[in-house]
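Subject: Structure handover

Hello,

Here is the structure I promised to pass on. Please open it beside this note and follow along.

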Amino acid sequence: MLYKLGLIGHPISHSLSPWIHQQFLDLAELDGEYKLYEGEHEALPGVLKHLKEIGIDGFNVTVPYKQIIVDYLDEIDKDAEILRAVNTVVNIDGKWKGYSTDGEGYVRSLKEPYPNLLNHETTVLLLGAGGATRGIYRALMGQGVATIDIANRSQDKAKDLLSLRLGDVNSNVLSYQEAEQQLAKYDLIVQTTSVGMKPNVEDQVIQLDHINKDAVVSDIVYQPITTQLLHDASERGANIHHGHAMLLYQGQLAFEKWTGKNLDVAHLVDKLENKLRGE
Ligand code: ATR
């Protein structure tokens, strides 16, 4: 069979997903295609009608359609419903079911290099309170960690995130200044905002003076590969985890939902890094 896969969003012309999924198709020895279906808002109903007509097997959904897509689904996974966002749609016997693979993809990418990091004693600090933060919060909570604190520029937005009741875990809202002062108590610090992304590569959401050297600092930004925050963490002797690994594992989970293949993709992290560096 020829798998028909793709991505909807706008703008998506620079997306790495076609490259990533071609790697997965090759690895799984499956025939298939992963195409970009770009369209502005007015074009969305037409794009989706086309995908129905061609019998697409599955597709990813990115900005700005992660919420509006829900109106076009036959079914929605519980996690995606709670998060109010869908990034992966699977065609199950002609019916479209929506999932969110962001958070679980993140956790998979983290457990690969740090298999013992997440347990009932782990103390986590999330920097940011946006859409990406929500998925990561819920997935980390699902790992049974002890605490997930949230620091954000707007503390109201962080409180709003907690009011969604994404789960039952000890959580406090902090200012960035408070987070900096208490930094030593965290085992995992996850940067979930766009701060530090190209071209503003000097920007760093908090300073790491008080970091615990055994901690892992993770950044969802992958352009540049090593953000200022990760660079700083490394210099201070802490462990780091790159954003492009998360990107890869979100794709791996989507691919698994479409094809049933759970691929070992660890070796593709470096290959993706080279691709991002333009090598
Ligand atoms: P997304 O859904 O893509 O995560 P979002 O919901 O707009 O985007 O969230 C963006 C996150 O980045 C928020 O945590 C935002 O902080 P505020 O809630 O205080 O706005 C954070 N963010 C974006 N630009 C920032 C900046 N220059 N400094 C600090 N935080 C920033």
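Predicted model: local features only at pLDDT ≥ 70, side-chain atom pairs only at ≥ 80, totals over all residues.

Start with the open sheet of six strands that runs β2-β1-β3-β5-β6-β4. Its pairing is mixed. The edges are β2 and β4 (75-76), and each of these pairs on one side only. Inside this sheet, β1 and β3 (residues 58-61) run parallel and share four bridges. For a landmark there, find L5: G58 of β3 stands opposite.

Another open sheet also has six strands, in the order β9-β8-β7-β10-β11-β12. Here the pairing is parallel. β11 (residues 216-219) pairs with β12 in the parallel sense, over three bridges. S218 has H241 of β12 as its bridge partner.

As background, strands of a sheet pair through backbone hydrogen bonds, and they do so either parallel or antiparallel.

**Backbone points to check**

Most residues other than glycine have a negative phi, and most peptide bonds are trans.

- The peptide bond from H10 to P11 is cis, and its omega is near 0 degrees. P11 sits in the loop between β1 (2-9) and α1 (17-28).
- The bond from Q223 to P224 is also a cis peptide, with omega near 10 degrees. Look for P224 in the loop that lies between β11 and α8 (228-235).
- E29 is not a glycine, yet its phi is positive, near 55 degrees. E29 belongs to the loop between α1 and β2 (31-38).

**The ligand**

Which residues are around the ligand? They are G128, A129, G130, G131, A132, N152, R153, S154, K157, T193 and V195. By class, this shell holds three nonpolar, six polar and two charged residues.

An N or O atom in the side chain of R153 is 2.8 Å from an oxygen atom of the ligand. A polar backbone atom of S154 also lies 2.8 Å from a ligand oxygen. For A132, a polar backbone atom is 3.4 Å from an oxygen atom of the ligand. How much of the ligand does the protein bury? Taken alone, the ligand exposes 640 Å², and the protein buries 59% of that.

**The second largest pocket**

This pocket holds about 200 Å³ of space. Its lining has 16 residues. Nearest the centre are D79, S100, G103, E104 and A139. The lining divides into five nonpolar, six polar and five charged residues.

Which helix gives the most to this lining? α5 does, with four residues. Helices that each supply at least two lining residues are α3 (78-83), α4 (102-111), α5 (131-142) and α9 (243-259).

**Where to begin**

For a quick tour, go to R153 and S154 at the ligand. Then move to D79 and E104, which are among the residues nearest the centre of the second largest pocket.

Best wishes

Definitions and conventions:
Residues numbered from 1 in each chain as written. Heavy atoms only, no water. Near = heavy atom within 4 Å. Polar contact = N/O pair within 3.5 Å; in protein donor to acceptor, adjacent residues only side chain to side chain. Areas by Shrake-Rupley, 256 points an atom, 1.4 Å probe, with all protein chains shown as cover. Nonpolar A, V, L, I, M, F, W, Y, C, P; charged D, E, K, R; others polar. 1 Å grid on protein atoms, 1.4 Å probe; cavity = no way out; pocket = protein on both sides within 12 Å on 5 of 7 lines; lining within 4 Å. Points joined across faces, edges and corners; volume = space filled by probe spheres on them. Pairing = 2+ DSSP bridges.
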